[in-house]
Amino acid sequence: MFSLFSVFFVILVILAILIIISCIKVVRQAQALVIERLGAYQATWGTGIHFKLPIFDRVARKVDLKEQVVDFAPQPVITKDNVTMRIDTVVFYQITDPKMFCYGVANPIMAIENLTATTLRNIIGDLELDQTLTSRETINTKMRASLDVATDPWGIKVNRVELKNIIPPAAIQDAMEKQMKAERERREAILRAEGEKKSTILVAEGNKESAILDAEAEKQAAILRAEAQKEAMIRQAEGEAEAILKVQQANADGIRFLKEAGADEAVLTMKSLEAFEKAADGQATKIIIPSEIQGIAGLVKSVVEVANKEEK
């Protein structure tokens, strides 16, 4: 009998220990526990260690406080110009009040999905197709504001809403692709025309610059040719003047030699005749000699006297 009591006592102690251990709850970071006592809300436990009453208290729900993401399937919407398209959304939300999240709505995710679909239809219904395709940021902002207000009683805060894909009908997609292709071709034609225009301008400027350089070079060449011709004429004139001077010097020397040699009038006369012969230079067939040869001799004497005066 004693042994049975001992066994029963041990079993009770073990059960008590297990119950006590089960009543100890450790709440991790970014989590919360909603506690009910006898079916009614009792408390919300945050991070740390907590103790609950056995049998009376129970954990109604464990809530994750981290930001969460939910991707909803594409929803059919109709634009203002009666174009039906499909849009899928991504919602970023965070639980701010575990109690309201636990008791505010039965299925929070389904509620957010339905609320997102209705809000999206309302917003897209006021926009045309082109506005829908180009106003993603505006749509995202309006949806986030509407969802945040609607989910506040549920203890949920909607941080962001993003339109993931906008899928228009196949006919609209084909038309958009053709439009985009035409736009790209137009831009290509404009760029090509601008390139040809710039090329033509550059070629014209290059030709102009080349013509200016050619004209400048021709001008410099003409100046150099004129200077060379001028220098040649100067040197030619100097050469002719020096030749004349040497000829005159030679004549004066010849006359001086005749004078120093004591030549008589007959020799002077002969030299005068030779002078006439040289004057003809073999070009004339006739030489006219004055009748008075003495006059010629006198002329030669005068030349000799002039030469003597120059030497003095």
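Two residues are in contact here when heavy atoms lie within 4.5 Å. This is a predicted model, in which local features need pLDDT of at least 70 and side-chain atom pairs count only at pLDDT 80 or more, while totals for chains, interfaces and linings use all residues. Residues are numbered from 1 along each chain as its sequence is written, and side-chain values use heavy atoms, with hydrogens and water left out.

**View 1. The whole chain, before we zoom in.**
Among the contacts in the chain with a separation of 6 or more, 63% link residues 24 or more positions apart. The secondary structure comes to eight helices and nine strands; these are DSSP runs numbered from the N terminus, with helices being H or I of at least four residues and strands being E of at least two. Of the 312 residues, 22% count as buried, where buried means under 20% relative accessible area, exposed means over 50%, and partly exposed lies in between (1.4 Å probe, protein chains only). The chain exposes about 22200 Å², and carbon and sulfur atoms supply 60% of that area. Such areas come from the Shrake-Rupley method with a 1.4 Å probe, and for residues only the protein chains shown count as cover.

**View 2. An open sheet of three strands, in the order S3-S2-S5.**
The pairing in this sheet is antiparallel; two strands pair if DSSP finds at least two bridges between them. Strand S3 (40-45) and strand S5 (57-64) stand at the edges with a single partner strand each, so one side of each has no neighbour in the sheet. On average, neighbouring strands here are turned by 25 degrees against each other, direction ignored. For that angle, axes are lines fitted to C-alpha atoms (for helices, over the stretch in contact), and angles run from 0 to 180 degrees between N-to-C directions.

**View 3. The hairpin of S2 and S3.**
Strand S2 (residues 31-37) is joined to S3 by five bridges, and the two run antiparallel. Look for Val34, whose bridge partner in S3 is Thr44. Two residues lie between the strands of this hairpin, and Leu38 in the turn has a positive phi of about 55 degrees.

Most residues other than glycine have a negative phi. Ala30 sits in the loop between strand S1 (24-27) and S2 and is partly exposed, with a relative accessible area of 22%.

**View 4. The aromatic pair of Tyr41 and Tyr103.**
A pair of aromatic rings is described by the distance of the centres and the angle of the planes. Rings of Phe, Tyr and Trp (its six-membered ring) pair if their centres lie within 6.5 Å; planes under 30 degrees apart count as stacked, over 60 as edge-to-face and the rest as tilted. By this rule the count is one aromatic pair. Tyr41 and Tyr103 are edge-to-face, at 6.0 Å centre to centre with 85 degrees between the planes. Because Tyr41 lies in strand S3 and Tyr103 in helix H2 (residues 98-103), the pair ties together parts that are 62 residues apart in sequence. Tyr41 is partly exposed at 31% relative accessible area, and Tyr103 is partly exposed at 39%.

**View 5. Arg160 over the face of Phe92.**
Arg160 lies at 5.6 Å from the ring centre of Phe92. A charge sits over a ring if NZ of Lys or CZ of Arg is within 6 Å of the ring centre and within 35 degrees of the ring normal.

**View 6. Thr116 and the residues it touches.**
Thr116 belongs to helix H3 (residues 108-124). At 2% relative accessibility, Thr116 counts as buried. Leaving aside residues up to four places away in sequence, Thr116 touches Phe72, Thr89, Val91, Met143 and Leu147.

**View 7. Thr141 of helix H5 (residues 136-151).**
Thr141 is partly exposed, at 45% relative accessibility. Thr141 and Val161 are 20 residues apart in sequence, and their C-alpha atoms are 7.4 Å apart in space.
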